Every structure is written in structure tokens, then in C-alpha cells.
Amino acid sequence: MSEVLNLSRRGFLRNTALAGGGLVLGVYLPQLAGKAANAADGAATFEPNAFVRIGSDESVTVISAHSEMGQGIYTGLAMIVAEELDADWSKVRVESAPADAKYNHTLYGAQITGGSTSTWTEWERLRKAGASARAMLVAAAAEEWGVSASSCTASEGKVLHAASGRSLSYGGLAARASKLSPPKDVTLKDPKTFKLIGKATKRLDTPSKTDGTAVFGLDVTLPGMLVALVARPPVFGGKVEALDATAALAVPGVRHVVEIDRGVAVAAVGFWAARKGREALRITWDHGPLAGLDSAKQGEEYAAMAKEPGAVARRDGDAEAALAKAVIRLDAVYELPYLAHAPMEPLNCVADVRPDGCDVWTGTQGQTFDHAVATQITGLKPEQVKVHTTLLGGGFGRRAAIDAHFVAEAVQLSKAVKAPVKVVWTREDDIRGGYYRPRAYHAIAGGLDAAGGLAAWRHKIVCQSFAFGTPFEKVMVKDGVDHTAVEGAADLPYTIPNLDVTWRHAPEGVPVIWLRSVGHTHTAFVVESFLDELAHAVGKDPFELRRGLLSKSPRHKRVLELAAEKAGWGTPLPPGSGRGIAVHESFASYVCHVAEVSTGPGGKLRVDRIVCAVDCGPIVNPDSIRAQMEGCVAFGLTTLKGEITFEDGRVKQRNFHDYPILRMNEMPRVEVHIVETTDKMGGVGEPGVPPVAPAVANAIFAAAGRRIRRLPFRPEDWQGA
């Protein structure tokens, strides 16, 4: 395939590094670099399975089926292989796997990165991959020396024979080992003997991201490549009624104007020419059925739906009867908006469609979807379509689109213009024309008995589903309930005798998809905020109320108590400050946050400190867990700032000026405490997000006496107390 030239803005960093001496860079071949090096020196390569390759230069390459989007998975997965392989960690590097069924997710059955599953689902498969390679290297050394394999050991990238004092490196054994058959079964290490797993380890992807050599989707450039922008309908569901491309084609550098499925594409010799060409298009749109979509009216519709019966997600006892008998009853409505993913690196995709094949480069979370769509559009054989995964400048679920639309656009256009094409979404394109976290409306009621006990809980949820009508409907929807719409609410850990959770599907044409933490992003805010309301209503400490209701959920209770202890729960804070607590389980991990906030002059709010306790089971890299929790806090605080709203069918927001994200000077001090346990392993990419919003909201109530029941936060929500 064609060479890939990295001629991007990152060249500045790269050249700066060269000026400092020692770094040699040239044409970058992301997919072929390793094979080319081996071919040049004529040495053998040992590839015992699909996940590890050992070269005669002692390099150990781990092939990652999961995408690196800042979560550190390249390092974590490599640590698992290297541990069982007894590799020299300084020789380990990572490559992204091509789209191929052998790299399918062990749970989802497709090649996809999401659901905070990458580490625990690969745990056994990669341990076996590493152990199998080690066994073959030991067998090769034993064969070389004419001794039994049982008399040999492996350590730090070498096989040792203690009786004779001999040793051979893995690179020196690559040729002989490559002739052996993989063992049918291998013995995995006793975790007590781990040398690498569980130790704080620096990330493998940091150096390339620091010196500018890392390749993200936007960095990919091919000879003869055109850059394209797409004019998409201003209202979802709209289509082109009439098109005049005369002025656009007259813009210098514009080569093609092509109508594709999702709009009108302008392909040019560079980004700015494409942008000017798009601005020059004259398009008359048929806006379709959503031309009148309005957020205020939609809110009224959701409120009306909440009064109607919904599909039952969970029913314990008789919540209605218990509410009728309650000594104290609270009713509340919580509302959460559509949210955009807003990754720092906007969406992009490079496609090169030729008569004999198709190559796609993109930062993606769903290679299987991308490959299937590209194959369908080109009409080529599956083996003729290659998907090359670059690094991702943020994913948050946005790049795991089931319809692979951002890949489809590039493939359609490349096929039409018969040249490589990079389709770029500007941030405005994505915020106004992307996929969103569904809007949600919650009507909730709680009842307390004469002893102050929580006797009843009724929770009605109204929101869109992104599973209905997709291939995921069969597994995500049961008895008319979309699991992702009620997760975190239907599986409430608290002991409540009368519990009722229902869901109403709000059918809309707005495109929705999972956002980091999925349904937990709205259910945790409601559940943990309302529990705080009930605690104050009955005069109980919010921490003590939770603690008393978690007798059947020891892992919840453990992180609750740890976070409270480390945060100094109950100790006084300065006037104008408050402390709030929230605990939540998601993706099989348990997180409790204690937030401290203060209100300054003019009622300005600041989140000063977040104390986090996390139980995610066995620890692979504690540095990554801490980093993930810190990132989750930043992402969770971002969800308190923005919203996507509609007027006349159009998204009102455009960019970070009116869809704000957390800024560096707003980041609080975050303290992370990790529970050391051998309990079941969970994920860490998402579980730290859900408790952020309720912990901060509860802290605001403690500081200002104002209860926040809608997002995003607005100053008027806490000012004037």
C-alpha cells in the first residue's frame, strides 16, 4: 500500500526533538514498519500467535485489538503479555491490530473498544498468549542445548539454564522458536509471583505523543490525497432538494462536488479550499419531519409521558402502597440534556478506494463496523478492505458508531472521485450534526416510615433509546426495556423493601449513541442526589444513611467508607464551603467520590477537591487507574457545563464557546485511593464519571442550601440562598 507521510503540525514537535539531537525520523509507515525492518536484516520473526511478535533485534511487539484513545490500554495490555512472557519491558512496544475477526472482543463478538471492558476481557486471552510464547522460547533453548525444558527458566527476555550457566536471548531464539508448534495448553503464573502487573508503570505511548511522532487520524496524509468537508442537512432527517455547485467549483483548489448519502461533499487540495468551497455551495434543503423540533416543547412532552405507565425494569414489593402510607414523602423531577462527546480531535477518516482494494485510516472504536461498511460500499471482497487504526484524540463513545457513518462518507467519496480522500469534520460539524447522549426526564418519589427508614422508592424514566432498531436491540432490550436506559437505577444496591423502576421510550429522530458511562451518566445523578434529599428530609447524615442501606453490597460500602475516611467526612469546612458524597457501581467497578465546593464573591462556584475511592478488582497498572479516575472527574465536571438544545429543528450550540468543557484552571485537586482486592476485575475508563455530578450537587446543597435537579448547572441554581 502507498506510503503514509506524516507531514502534519506535529512536524514542529518532531523537528524540535531533532534539533536536540538523537532522534532519527523520516517517512513513517505505521503498518509496515516492523516487517520492513525484519526484511532488511534478513532475520527471523517469531509470531507464536496473533498478539505477540518477537524479532531478532530483541523487540517484543504486542498487537492490541483495542484502540488507544488516551486511556492507557496499550500499556495495560502489553503488561499482561509481558508478564507471562517474562519479557524485558524496555523492549516492548505496541501495534494496533488490523480489522480481523481474530481480534474480536471476547464478549461482544466484534472488534470494538468500549464499555470499560478492554482489560478484564483480555486478561485470560493475553496471559495465555504470553505464556504460550514463553513456553515455545524455553523449548527452543532446551532443544539448542540438548537439555530438558523443565531445567530451563525465563527472565527479562532470556532463557536461562542454571545448571550450566548458559543463557540465550529471545531475539537469538526467534528463528528456532518459529519452527515449533504452539503448546495446546499452558500453565499461567501464580499472581503472587507477578513482577510487572500491579506495579506503577510508565505508559508506552507517552514518548511519541511528546516528540510529535504519534500518528492520529488527522496526521495521515497520502500522495495525491484530497481533503473534503461535507455540507450536511441543518435539521436531522433532512435531504437535498436542489443543489447549485457552480460557485463552489470556481474556488481555487476545489476539484469535486459530490452528493453523498449524508449531504454534499466538497473535495479540494487542502482543508481551507474545501471549506471555502463548502461555503460557496447553494443548497435548498428539505428539512423533513424534525423541522419543528424545539427543546422546550420536547420537555413538556417528556413530562406528559412520565405520567403514563412505562415498561417495568424492576418491581420489588408494592411501592405505590408504601408511598401512600409513608410518614414523610418526597417527590422530585430531575432533567438532563442531550450531550455531545466533543473529543479534542474532531472526527476524520482517510479512505483510498481502488479497483483492487480499499484502505481506511481512522481513529475508531469499532473496526468491525467500519470494515463492514467499507466492504458494502466498495463491493470488494472483505479481504481486499483494510482498516488501519490510528491513535484517537478522544473517543468517549463517539467513534464507536454502529453505522460507521464517518467512514462511509470517506469511502463513498474516494470511490466517486477515484483518489484518496480525507474527510474532516470541523468541531461545528460534529456538535451540530453528530450523535448525542439522550436527553432524560426522571420523576422520582421516596417514602420514609415512622422510624426514618426508607420504605418506598418509585422511579420513572423517560428517554430515547439508541438500541431500538439496531443490531444491538436483541441483546440490549428485554421485556420492552432498554437496559442502558435504566442501568444504575434498576440495579439499585440499597436495601429498600418497596422498589419500582419503569421506563418510557421517547421516540425521536435525533441521533443518539452511548456517551462515556452510558446510562449511568443520568441515573447516578438522580439516584444519588435524591438519596441525599431523603437523608436531609429525615435528619440523617447522607454518609450514614447510605452506609446503613448497603449491608448487602459490601464493595459499595467499602469504597464509601474509604472515601469518607480519606476526605475527613464530618470535619468542619470554611464558611461558604460544602461537602457532598456519592457512590456508584458501573462496568463492574465501584467508585465513591467526596466533593468539596466553595462559593466565592458573587456566588461563583468552585470545585476545590474530589476524594475518590475505587474498587476495580485486581490491579494491572495503578498509575493508569489513578489517571483514569482523574480523567473521569474532568469528564464528569464537563457534563455539568454543557447542553445540546434545539430550536426550529436546529442544534443551537456550535463550538466550545457555547458548549463549554472543563478548563485547566477549573480542575480540582483529585486524590485517588485504590482498594487492593482479589475480587472480580472491572473497568476503569468509565466508572469514575457517574458519581461526580451528584457528589458536586450534594456539596452545593451543603454549601448553599440549594438543591440542583437539572443539568447543566446554572449560577442561579445555587445563588441567592
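Colleague: How do you know what confidence the predictor has in residues 1–9?

Modeller: From pLDDT, the predictor's confidence in each residue, from 0 to 100. Over residues 1–9 pLDDT stays under 50, and the model has 28 contacts there beyond four places in sequence (contact: heavy atoms within 4.5 Å). Residues 12–41 also stay under 50, with 32 such contacts. Where pLDDT is low, the predicted coordinates should not be read in detail.

Colleague: And what does the protein chain average?

Modeller: A pLDDT of 93, with 94% of the residues scoring at least 70. This is a predicted model, where local features need pLDDT of at least 70, side-chain atom pairs count only at 80 or more, and totals for chains, interfaces and linings use all residues. Numbering starts from 1 along each chain as its sequence is written, and side-chain values use heavy atoms, leaving out hydrogens and water.

Colleague: Why are β8 and β11 called paired?

Modeller: Pairing takes at least two bridges found by DSSP. β8 (226–231) and β11 (263–268) have five, in the antiparallel sense, so they count as paired.

Colleague: What makes β10 and β18 edge strands?

Modeller: The open, mixed sheet runs β10-β11-β8-β19-β16-β17-β18. β10 (254–260) and β18 (385–389) each pair on one side only, so they are its edges. Strands here are DSSP runs of E, at least two residues, and helices are runs of H or I, at least four, numbered from the N terminus.

Colleague: Which strands does helix α8 lie across?

Modeller: α8 (271–280) lies across β8, β10, β11 and β19, at about 30 degrees to β8 (axes are lines fitted to C-alpha atoms, for helices over the stretch in contact, and angles run from 0 to 180 degrees between N-to-C directions).
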